[in-house]
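Please look through the sequence and the model below before reading on. The briefing that follows is arranged by topic, and it is meant to be read with the structure in view.

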Amino acid sequence: MARHIYACPLRWSDMDAFGHVNNVVFLRYLEEARIDFMFRQAAEAGAGEFAGGSVVARHEIDYKRPLVHRPSPVTIETWVTRIGGASVTVAYEIKDVADDGTETVYIRASSVVVPYDLKAARPRRISPVERKFLSRFLEDGSQGTENGQGAEGGQNAAAKGEKVAA
């Protein structure tokens with residue numbers, strides 16, 4: 001399974017009065033990574049329909065440790081845990097990876113994203129081209145589609161003790 005990697009810069013204004021990145025700012029970081037994944041990278045792969053409209057139906061965030069401002073960017077890994085007929089669940093980790101391979105995870109999160117037809121003002125189905133693109137990032141053991149491809153959704157995450165979005 002491939003993961004989308006995004007280097008997210010930290011801004012001085014991201015910190016709150018307690019000297020760490022504010023919890024609400026993490027949603028902006030996730031948005032930056034998701035836009036890069038579903039708009040830029042998908043378009044480069046010939047699946048640019050997401051840029052025409054999509055909405056977030058749900059966010060779930062587990063805050064693991066505080067993140068303080070520094071000049072180097074933080075790494076956001078993005079992957080897919082579920083592809084439905086008219087929604088996709090995207091998972092994220094915001095973390096640092098040291099030269100020796102050790103990781104510091106700041107948050108684990110997931111978002112349910114729904115493709116949206118802006119002209120008709122309603123959700124739309126995931127196209128075959130979008131499904132093919134998203135499948136490249138589908139985590140092993142995750143739910144492939146509503147047709148039952150892949151293992152039961154979230155087995156890997158559940159085995160790690162992580163929450164799994166429906």
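Which residue in the turn of the hairpin formed by β4 and β5 has a positive phi? The residue is Gly101, whose phi is about 95°, and the hairpin has five residues between its two strands. The model is a predicted one, and its protein is built from three helices and seven strands, which follow one another along the sequence in the pattern β-α-β-β-β-β-β-α-β-α.

**The chain as a whole**

- When contacts between residues at least 6 apart in sequence are considered, 63% of them join residues that are at least 24 apart.

**Strand pairing around β5**

- Strand β5, which covers residues 103-117, pairs in the antiparallel sense with strand β2, residues 54-63, over nine bridges, and within this pairing Ser54 stands opposite Pro115 of β5.
- Strand β4, residues 88-97, also pairs with β5 in the antiparallel sense, here over 10 bridges, and Val90 stands opposite Ser111 in β5.
- A further antiparallel pairing joins β5 to strand β6, residues 122-123, over two bridges, where Tyr116 has Pro123 in β6 as its bridge partner.
- The strands β5 and β6 form a hairpin with four residues between them, and in this hairpin Ala121 takes a positive phi near 55°.
- As a general point to keep in mind when viewing such strands, the side chains in a regular strand alternate between the two faces of the sheet.

**Salt bridges**

- Side chains of opposite charge can pair when their charged atoms come close, and in this protein the count comes to 14 salt bridges.
- One of them joins the side chains of Glu77 and Arg3, with a distance of 2.8 Å from N to O; because Glu77 lies in strand β3 (residues 74-83) and Arg3 in the segment before β1 (4-8), the pair ties together parts that are 74 residues apart in sequence.
- Within this pair, Glu77 is buried, with a relative accessible area of 12%, whereas Arg3 is partly exposed at 24% relative accessibility.
- Another salt bridge links Asp14 with Arg11, whose closest N and O atoms are 3.5 Å apart; Asp14 is buried because its relative accessible area is 1%, which is under 20%, while Arg11, at 29%, is partly exposed.
- Lys95 forms a salt bridge with Glu103, the closest N and O atoms being 2.9 Å apart, and here Lys95 counts as buried at 2% relative accessibility, while Glu103 counts as partly exposed at 46%.
- Salt bridges that share partners join Lys95 and Glu103 into one network with Arg3, Glu77, Glu93, Arg108 and Glu139.

- The side chain of Asp36 makes a polar contact with the side chain of Arg40, at 2.6 Å.
- If residues up to four places away in sequence are not counted, Asp36 touches His4, Tyr6 and Gln41.

Notes: Residues are numbered from 1 along each chain as its sequence is written. This is a predicted model: local features need pLDDT of at least 70, side-chain atom pairs count only at pLDDT 80 or more; totals for chains, interfaces and linings use all residues. Side-chain values use heavy atoms; hydrogens and water are left out. Contact means heavy atoms within 4.5 Å. A polar contact is a pair of N or O atoms within 3.5 Å; within protein, one must be able to donate a hydrogen and the other to accept it, and residues adjacent in sequence count only if both atoms are side-chain atoms. A salt bridge is a side-chain nitrogen of Lys or Arg within 4 Å of a carboxyl oxygen of Asp or Glu. Buried means under 20% relative accessible area, exposed over 50%, partly exposed in between (1.4 Å probe, protein chains only). Two strands pair if DSSP finds at least two bridges between them.
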